Amino acid sequence: MRSELKRRILASCLALAGLAAWPVCAETPAAPAAKAPAAVAVPATVDGFSDVGAVPFAPVDSGLAPDWYKKGVFTEILVRAYQDSNGDGIGDLKGLTSRLDYLKSVGITGIWLMPIFRSSDHDHGYAVENYREIEPDYGTLADFDNLIAEAHKRGIGIIVDYVMNHSSADHKLFDASMKVKSPYRDWYVWAQPHPEGWTTFSGDPWREMGDWYYYAAFDAGMPDFNLRKQEVVDFHMNNLRFWLNRGVDGFRFDAVGVLYENGSIAWDNQPENHVLMNKVRQLLDQYGKRYMVCEAPSDPVPFAGENSCGSAFAFGLQKHIVHSVKMGRVMPDLLYTLQTFPVARMGTILSNHDWFAGARPWRQFNGDVKSYKMAAATLLTLPGMPFIYYGEEIGLGLSDESYHDDQKIRGPMAWDANQPFGGFTNSDSAFRPLVQNWKTNNVAAEDANPTSLLNWYRALIGLRDNEPALSVGSFKPISAQDEQIFAFEREYEGTRMLVLLNYAYRDGKLDLPAGFDASKWQTVFPAGGQLKVAPKKVKKGEAAKLELQMGTQEVMVLKAIK
């Protein structure tokens, strides 16, 4: 029976990064190594499982500010695709560590690492084989400890992707679960006979195993945990403590909308999900200065609540930003989302590692740099915690000859057109083909170009860092829907900022509020920018009005003079 499963799982895992819908693929000179605290030693093996067993509460101080995640900007990184340090064509932790100074130069203060645990898929990492081991392709626990230490020295926090919903079918716990009389049998979800009427992301989630069926919402190679069993919840809590004790600054939790299922038409966004994630958040609160953000694409707002994760990605907002820029006006969905979502508590993006969230912006804007810059300016001046997908800051394109769309947006980072494989590896091959535009869109080329995307991102992130009103301030829209200029105010502790974004490919005008006095505002972005205000032509008998005048796809940020 086990050999039969292995045969089917192997076929599935060989293509795990690209066969199913979003859930599978969402889920597809350095300083000397720092010493890990003594408290983080791996607990003794329990029943032969090295990631099962109690882990005590043993917090370490990162040295970061208490609100480091609220005021900063994150980047999402697939370690496999970022920087190879040992010449095997695969990115690794040492390679990432060697690029921390670059990330600091961009203004990044937080890193979300896609899964770094030992996994079966050898790609995206969401099929976890062991929750306390580093994926061998990426290095060792010592390499990870060094990455944490070096990041903290630079004021950068690191959050780690954690998969609570399911493991790999190659996890030893699932192997034990296959035996009907095993004490680990009900750590996963088994049924007999075959439950009828179910359809999840990849079709029927009940996978045959002899006379029994196990539940796997995403893929046969990723069976769901039974989170109704307290021992399973404890298993995850202990693993979270294991990484928190090592100095991890928080987690991105995968697929929290499907943790519990209550029936064939009640398997998504069930109330129990919020109860569990609230307990997880309370664990992180005990450690202090930790941040967690949850992925729940179909219903993100409840997970951002204080009785749940506390923060979630604002899925949908990214598409409304891109759509507004493409249409050249403030689309109704953009304003509606900003006014109804608790965006200030949410993670915001333009794209991420999943195609369902949108292709890389370079593809979405077809290489139109001005429109790309408009979208970036919107992201980085709105409320929330911005997450920049690796390479987004240089306009990284798609990887050719990839098996699946998700793989196309997970190509190697481009560092230098004058180096083989763009500086990603010194091997004679890379784990995936280089992106199409690596010779033009790379760090070396854009670093030297003052008008590049990279330096645009740097300038906006620097502005956001210098002006707390742009990171944690209130949000007040001035524009109405379908206006070509998106104008809004941000305010924090008496400091007011006015953001003006002309989305259209033509000059634009916007009626200004009554009593607006241009002399009481100074331009802070771009350097040397001039606010253009003129009397508006009005009909006889109407009150005098002022109108703002902006050039084609112009961006301007102003600060009120006190």
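Predicted model: local features only at pLDDT ≥ 70, side-chain atom pairs only at ≥ 80, totals over all residues.
The structure holds one disulfide (a pair of cysteine sulfur atoms within 2.5 Å). The two partners are Cys 294 and Cys 309, and their sulfur atoms lie 2.1 Å apart. The link of Cys 294 and Cys 309 is left-handed, with -95° about the S-S bond.

Residues are numbered from 1 along each chain as its sequence is written, and side-chain values use heavy atoms, with hydrogens and water left out.

**Accessibility of selected residues**

Buried means under 20% relative accessible area, exposed means over 50%, and partly exposed is in between (1.4 Å probe, protein chains only).

| Residue | Relative accessible area | Class |
|---|---|---|
| Cys 294 | 0% | buried |
| Cys 309 | 1% | buried |
| Asn 269 | 23% | partly exposed |
| Asn 366 | 72% | exposed |
| Gln 522 | 39% | partly exposed |
| Gly 422 | 1% | buried |

**Helix pairs**

Two packed helices are described by the angle between their axes and the distance between the axes. Axes are lines fitted to C-alpha atoms, for helices over the stretch in contact, and angles run from 0 to 180 degrees between N-to-C directions.

Helix α14 (residues 369-381) and helix α17 (residues 453-466) have axes that come within 10 Å and cross at roughly 20°. That makes α14 roughly parallel to α17; angles under 35 degrees count as roughly parallel, over 145 as roughly antiparallel, 65 to 115 as roughly perpendicular and the rest as oblique. The crossing of α14 and α17 is right-handed. A crossing is right-handed if the near helix is turned clockwise from the far one by less than a right angle, and left-handed if anticlockwise. On the α14 side, the residues in contact (heavy atoms within 4.5 Å) are Val 369, Tyr 372, Lys 373, Ala 376, Ala 377, Leu 379, Leu 380 and Thr 381. They meet Leu 453, Trp 456, Tyr 457, Leu 460, Ile 461 and Arg 464 of α17. By class, this contact has eleven nonpolar, one polar and two charged residues. Ala, Val, Leu, Ile, Met, Phe, Trp, Tyr, Cys and Pro count as nonpolar, Asp, Glu, Lys and Arg as charged, and the others, Gly among them, as polar.

The axes of helix α8 (residues 230-245) and α9 come within 11 Å and cross at roughly 30°. That makes α8 roughly parallel to α9, and their crossing is right-handed. From α8 the contact takes in Val 233, Met 237, Leu 240, Arg 241, Leu 244 and Asn 245, and from α9 Leu 276, Lys 279, Val 280, Leu 283, Leu 284 and Tyr 287. These residues divide into nine nonpolar, one polar and two charged.

**Backbone features in loops**

The peptide bond from Gln 192 to Pro 193 is cis, with omega near 0°. Pro 193 is in the loop between β6 (190-191) and β7 (206-209). A cis peptide bond also joins Phe 525 and Pro 526, with omega about -5°, and Pro 526 is in the loop between β17 (521-525) and β18 (532-535).

Asn 269 has a positive phi, near 55°, and is not a glycine. Asn 269 sits in the loop between β9 (250-253) and α9 (271-287). Phi of Asn 366 is also positive, near 50°, and Asn 366 is in the loop between α13 (361-364) and α14.

**Two further residues**

Gln 522 lies in strand β17. Leaving aside neighbours within four places in sequence, Gln 522 is in contact with Val 557, Leu 558, Lys 559 and Ile 561.

Gly 422 is in the loop between α15 (405-408) and α16 (443-447). Not counting residues up to four places away in sequence, Gly 422 touches Met 413, Ala 414, Trp 415, Asp 416, Leu 434 and Trp 438. Gly 422 and Asp 249 are 173 residues apart in sequence and 31 Å apart in space, C-alpha to C-alpha.

How values were computed: Helix = DSSP H or I, 4+ residues; strand = E, 2+ residues; numbered from the N terminus.
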